[in-house]
Amino acid sequence: MGKFILRRLLLLIPIMLGLTVLVFLFIRLLPGDPAGAILGERATPEAVERVRTALGLDRPLIEQYWEYVSGLVRLDLGTSFITNRDVTDDFLQRFPATVELTAAAMIFALTLGIPLGMLTAKRRGSWLDSAGTVVSLIGISIPIFFLGLMLKFLFAIHWPILPDSGRIDLIEYAIPRVTNMMTVDAILAGEFGGFVDALRHLILPGIALGTIPLAIIMRITRASVIDVLNEDYVRTANAKGLASRVVDNRHVLRNALLPVVTVIGLQMGLLLGGAILTETIFGWGGVGKWIYDAVVNNDYQVIQSGVLVLAVIFVLVNLAVDVSYAFLNPRIRYS
Amino acid sequence: MRTWRWVSVLAVLVLVLAACGQQPAATPDEGSEPPASGSESEAPEPSASEDVDGGEPTAGGTLVFAGARLAASLDPALTSDGESFRILQQVYEPLVDLAPGTTDELVGVLAESWTGEPSDTEYVFTLREGVTFHDGTPLDAEAVKFNFDRMQSFSEEFQGDAYYYGALMDGFGPENLISSVEATDALTVTITLREPSPTFLFGITLTPFSIVSPAILESTSAGDAAASTFGTDVVQGGTGPFVLDDYVPDDSATLSRNEDYWGDPALLDSLIIRPIADPAARLQALQGGSVQGYDLVNPSDYETVESEGFSLVERLSFNTLYLGLNPVARENAVEAESGVAEGYEGEDSPLQDLAVRQAIEMAIDKEALIEPFYGGRGSVADTFMPPSSGWFDAVLAGVEPAEFDADGARQLLEDAGFNAENPATIHFWYPTEVTRPYMPDPRGLHEAITQMLEDVGFVVVPNSDIWDSPGYLFDAQNGFYDLHFLGWTGDYDDPSNWYGVHFGYAQEEGSDDRAAAAQFGCDVDGLDDAISAADAELDEAARGEAWAEVAGLIHENVCFVTLAHGDTALAFTDVVQGYEPNPTGSESFQSVWLSE
């Protein structure tokens, strides 16, 4: 197992190198450049040229790439072209907010997706199964932007039971940002009311962001459970009179979860991508919103570092998923 | 069955959470504490402006307000956008400022009085006594000198961001407009200019010219671009009615009343500013009660805002949308890398004929654009300068606004030799992926104006490009487009910042040779001399006349067609009172109060 993890970690090096090239070249293909974004509509061509020189954008690409990669090796993500702020600081400051939102979305997707997948599989062919299929199709195809605005309209404006945006009621709770995860900070501050309020603020954005993963997890669970239900050992377990709860938990779910876990890892990418839209419409100061602004402003330094760090996180989460296979299915050996 | 139970438990949990603390989120007036005095009766008509009274102003409460973004930097000298100014001008103050609600009336802020006329090179400011910065440092002449010296000696890394200092002081360092800043005595500052500048006093009203506590500037290494933490740390360096308590980028800025303020203290206990980029999401935040006010209401939402009992506070525009006309675009475009020239296919531009340009101006029904695109809140632009400008009447005197006359336009085109067989073909560009207060819907405006031009016989070739430079902006400013949209938001109220900037570019830095920006390709006899003369004129009345002459020459020759001034608006819940909008966006929350 140790060897497996080490090998996977070593594999990260070529993956990262490839990613740096892709990210570096992709953003330079984006229309516009940072100089134009900094100077705005008042830019004269001469001023644009001056700023380009100051930012080093007039130098050969290979030189710019070398500077970027050597910075990464020193763990120096650089300084934003637009705000002059340290990219590492900015990332670390916002990342906890995104983690909190992503976790809420994942919890929503898992706690509903797996049971619903299981249920529809066991009632295969029933009206419940058909309804589940329709709902999950809608879930997959609904745009987050639309869903977010609709959820807000329904549950924050029409029936005002949940907050429409933000991370906590700033008037009621002045909670010091220690971790910048509001739920954790509220507990650290000993504010139970603040903790509940932070959870309430997580519900709508969590649902908006978690709906697509929910639908996908539900469908995969259903398909996987159906496969397992047809296995001989399940029939045997049922035949020898085991309680259906025991059959479900010990024999069906455990074996059916393997593909689901893989999908969960892959969903992380979707969640981090979806966070951009969710954070924008829910006024959530996370990494998604930060990278979105950077793309709008052609802030190369932020995009190339931010996207890379997210990619590393994505790869690491998937490594963790692979490792977790061993716990779910001891027959798997890493060699 | 277990699964069902599991799902039900989850659903109940969500409902319980939703029910917990439902009250604060549901009521729009959350957080506004009971008034310290005043009646219990309901506030009269919803209002946030001074003309409708919501009762006696009372102190107390917290206002949560949404803008599109937070500040680009917390260092006022390094900011140049309205969202940054919104936060920083509550905390920091300049020597002089625009009187509330005006664009051309100066009042002393940190300077109690000053001497110096537009024709002078020496300005003497007498500082207010007893003012202290939020960190306790007293304000004195040395502090003012320290601030100006810092900006004057900005290193190159800072200069790009210190846009306004560079633009208004003609660059940085020893050769620019400022000859010296001296602390003549404890409360007297003398600023000497190299040459008279009629715009100097208006320039220093801008937020970037705010005076910061020298102790804070030193402790945050604000002079060193590599080490400065002034732009990022929460510090107590201002003198304003609010103190910055907390700042979480992309999340919130929390300000509280400065109890030791030298003037009337702010009425709000605290002010929280949140960034919500999407205008629809800002409206929802107002409807959902998580904010009590927001800026930049979408014109299409004006009706919703008003019909739901919120108050709409209109801010007269300080901007202008225009149609740029470039008779030599097709020659210029040969150099374009974006392939613009291919569309022109070697045709001569009909825009070289003044009659054709006049026909374009006459063909456009500007009035018809206001209702659909500006929600009825904008106004027709007869001159480049908006009616909110103190120079509007003076400049208008030199301009004869073209009346909409489709038949006249048709006749002009015919007289110029264009008809159905030989139509005047023009290429008309609009930007994508952008909206501006003066240009809420570029594509829609393009369609409307194309229709008007086609109605009188033009053949219009539609084109678009993305806004960012090098894209639309780059090609437009380099003069590659026949016909294009662009607009301007004034930095300060002087014709030189409007007509001067666009038609009187110095050919080289420091040179007196002037020309219209390449964008217009406008070659008008005597225009450069007229602009030089107007810019140098220091007597206010004569200056107005001189700029009127400039405006007359530009409009007569139809170098551009000014289309509309787009007003902007803020929305508030009915408890928010006393917000005073200003066309320049220079707005303080000092007088804002909550009526219940």
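**Exercise 1. At what angle do helix α13 and helix α16 of chain B pack, and how far apart are their axes?**

A word before we start: this is a predicted model, in which local features need pLDDT of at least 70, side-chain atom pairs count only at pLDDT 80 or more, and totals for chains, interfaces and linings use all residues. Residues are numbered from 1 along each chain as its sequence is written, while chains are lettered from A and ligands numbered from 1 in the order in which they are written.

*Solution.*
- Step 1: Locate the pair, α13(B) at residues 354-363 and α16(B) at residues 406-415. Helices are DSSP runs of H or I with at least four residues, and strands are runs of E with at least two, numbered from the N terminus.
- Step 2: The angle is about 165 degrees and the axes lie 8 Å apart. Axes are lines fitted to C-alpha atoms, for helices over the stretch in contact, and angles run from 0 to 180 degrees between N-to-C directions.
- Step 3: α13(B) and α16(B) are therefore roughly antiparallel, a label for angles over 145 degrees.
- Step 4: On the α13(B) side the contact includes Ala355(B), Ala359(B) and Met362(B), and on the α16(B) side it includes Ala409(B), Leu412(B) and Leu413(B). Contact means C-beta atoms, placed from the backbone, within 7 Å.

**Exercise 2. Is helix α3 of chain B largely enclosed or open?**

*Solution.*
- Step 1: Nine of the 10 residues of α3(B), residues 82-91, are buried, so this helix is largely enclosed by the rest of the structure. Buried means that 20 or more other C-beta atoms, placed from the backbone, lie within 10 Å of the residue's own.
- Step 2: Among the buried residues are Phe85(B), Arg86(B), Leu88(B) and Gln90(B).
- Step 3: The buried residues of α3(B) pack against strands β1, β8, β9 and β10 of chain B.

**Exercise 3. Which residues touch the most other members of the largest nonpolar core?**

*Solution.*
- Step 1: A nonpolar core is a set of buried Ala, Val, Leu, Ile, Met, Phe, Trp, Tyr and Cys residues joined through C-beta atoms within 7 Å.
- Step 2: In the largest one, with 157 residues, the answer is Ile217(A), Leu95(B), Ala162(B), Leu271(B) and Ala571(B).
- Step 3: Helix α9(A), residues 192-229, gives the most to this core, with 17 residues.
- Step 4: Beyond its neighbours within four places in sequence, Leu271(B) contacts residues including Phe65(B), Gln90(B) and Phe589(B).

**Exercise 4. How many helices and strands does chain A have?**

*Solution.* Chain A has 13 helices and zero strands, and 42% of its 335 residues count as buried.

Definitions and conventions
A residue is buried if 20 or more other C-beta atoms lie within 10 Å of its own, exposed if 12 or fewer, and partly exposed in between; C-beta atoms are placed from the backbone. Angles under 35 degrees count as roughly parallel, over 145 as roughly antiparallel, 65 to 115 as roughly perpendicular and the rest as oblique. Two residues are in contact if their C-beta atoms, placed from the backbone, lie within 7 Å.
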